[in-house]
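Student: I would like to learn how to read salt bridges in a structure. Please take me through some cases.

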Amino acid sequence: MTDYLQTQLRAVLDDLGGVPDDFDVALEEPANEEHGDLAANTALRLGSLLDDNPRSIAETIAERLRDRVDPHRIKSVEVAGPGFINFRFAQDYLFDGLAELLAQGDTFGRTDAHTGETANVEYVSANPTGPLTVGHGRNAVLGDTIATLLEWTGYDITREYYFNNAGRQMRVLGQSVRARYEALVGEDVPTKTLTVDDEEVEVPASFPEDGYLGTYILDIAEQLYEEEGASLLTTESLAPFRQAAEEAIFADIEATLDRLNIEMDGYANEQDLHDGGTVQKILDGLTEAGLTYEENGALWFKTTEFGREKDRVLVKQSGEPTYRTPDIAYHTTKFERDFGLMIDVFGADHHAAYPDVLDALDVLGYDTDRVEVILYQFVTLVRGDEPVKMSTRRANYVTLDDLIDEVGADVTRFFFLMRSADTHLNFDLELAQEASDKNPVFYLQYAHARICSIIDKAEEVGFSPDADVDLSLLTHEAELDLIKELLDFPQVLRSAAEARAPHFVPNYLEDVATTFSQFYDHCRIIGEDNDLATARMHLALATKTVLKNGLTVLGLSAPRNM
RNA sequence: GCGCUCGUAGCUCAGUCGGACAGAGCAUCGGUUUCCGGUACCGAAGGCCGGGGGUUCGAAUCCUCCCGAGCGCACCA
């Protein structure tokens, strides 16, 4: 409908003349329903442009619109206030839309706005040094849902996970495992004391200062001991320890993601980029561009040339690249695969890290307008009023797995999605566990289950969803409100996709559930005259479809009963 | 010190492009049930949209300064 009216408005403006081609004919849904179903501020914005009274411009436009608009779609075109043009939908339009919704079923909400376009969404991307944290959870769920939203607008999506497995972190990981293994195998292994977060921890003497203290490291060491016995004591190489750790931790990560209904299409890792020569290639490229220099034994990237505060190191004194070098290389592989859109989901702590990656890609001739970075703010766990204390360093935190154990996958996903990415998230464990109307997930799922039950009951007394139906019997205000709400769904998904803002969807679904409850409160289904009952049953069915599709987009289940 | 994000009702937060009297949920107070899931619905109360200046016909939204919070400012990722 928005598209239709925009076209009509544009045509009128062309007739009038004097309006620039790039003038934005925006339509909006008025907050106040007295102002119609859609409103255009066109005349107000043209006022200064045409140097005329907005009110009279609006009258002229409205006059011409009335002549050309399809009366089966638009009931009225009115001028109001300082010069708004308000449109009211014809009921036929609502009934046609509802019939269309029912016909589309599971696919209602999908649009072809971006059909034929490809996009890569990179998310999670946690390095395999330990279990996923709650913060990774927000990343994972956000990325996954943005990907789904893009799919629903037609994009061909690749979900990708990139991790560093070649650098310092993995070496420290290997050393941590080795130290635990040696302590396990040997007898009277000397120990030392580390002070972490003001607490003293006793570890084997060979344990690295910045090693990983989590108990999962002990598990991996034990596993190695069971499989290899003491044979690894004599090896010089860290590789077996590192590898065992990477595999074990990665298996855990994948299992956790699977619980959240997340499946990646592909994984990319740093080591492959070294082995394949991609890292060297970008170093050569940047050097050829004259943007690198050596100093103190390190290779620097002249980021100050792009207005950054300081230059950045590409290759450390030690000969190892910094994280940004393979990251640049990784992005070039995405460009080589020719994605039209590349989205990276990062925590707010990374915000300073990507500009130089983009600078480098620019220099190398890639169109960085195709890369978008989504930053999300941190998550704080609270239980009622009490913040949950965590120390990442000691791995003394609530892991993502712990969180899912405690509140379930649906609630975990929903709570991560219901707030805008750039607001700090307070995750209330007490509320999350509550099975009541205080908990928005519950409210939504309850509405869905209730509708399923109503439909089942209606079928028991002889109503069929396949029966001929006269939707035009739905004339009660509560019915019309609900139909309008349901028909917004495709546009909501599209806006959410384009704004990369999944939280539009939970907010909208809550409105749907509320509007349905209002309808249900006013209008009986069973017990009414047969034709009306059939029509209302179809409206319930349509609501169920929207709730189900919406929950599906969010990656949540839509239970039939609870 | 510099950069990014944020500051909206008691609490948690919406408010896509500047628009018509600033919204929701929870909490509080009051009401509704012979009836298809009352785990619901209706209503009331509650806000100088952090503060000052500016741009505009019009600002929670844009610009600027100030205050406050979080996160960064590595040869960690």
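Student: Which side chains meet in a salt bridge with an N to O distance of 2.6 Å?

Tutor: First, the general idea: a salt bridge is a side-chain nitrogen of Lys or Arg within 4 Å of a carboxyl oxygen of Asp or Glu. Here, aspartate 144 and arginine 159 meet in one, at 2.6 Å, N to O. Aspartate 144 lies in helix α5 (residues 134–152) and arginine 159 in strand β6 (residues 156–163), so the pair ties together parts 15 residues apart in sequence. Helices (H or I, at least four residues) and strands (E, at least two) are DSSP runs, numbered from the N terminus.

The model is predicted: local features need pLDDT of at least 70 and side-chain atom pairs count only at pLDDT 80 or more, while totals for chains, interfaces and linings use all residues. Residues are numbered from 1 along each chain as its sequence is written, chains are lettered from A and ligands numbered from 1 in the order in which they are written, and side-chain values use heavy atoms, leaving out hydrogens and water.

Student: Are aspartate 144 and arginine 159 buried or exposed?

Tutor: Buried means under 20% relative accessible area, exposed over 50%, and partly exposed in between (1.4 Å probe, protein chains only). Both aspartate 144 and arginine 159 are buried.

Student: Which residues are linked with Asp144 and Arg159 in a network of salt bridges?

Tutor: Glu151 and Arg413 join them in that network.

Student: Where do aspartate 14 and arginine 10 lie?

Tutor: Both are in helix α1 (residues 2–16), 4 residues apart, about one turn of the helix. Aspartate 14 is partly exposed at 46% relative accessibility, whereas arginine 10 is buried at 17%.
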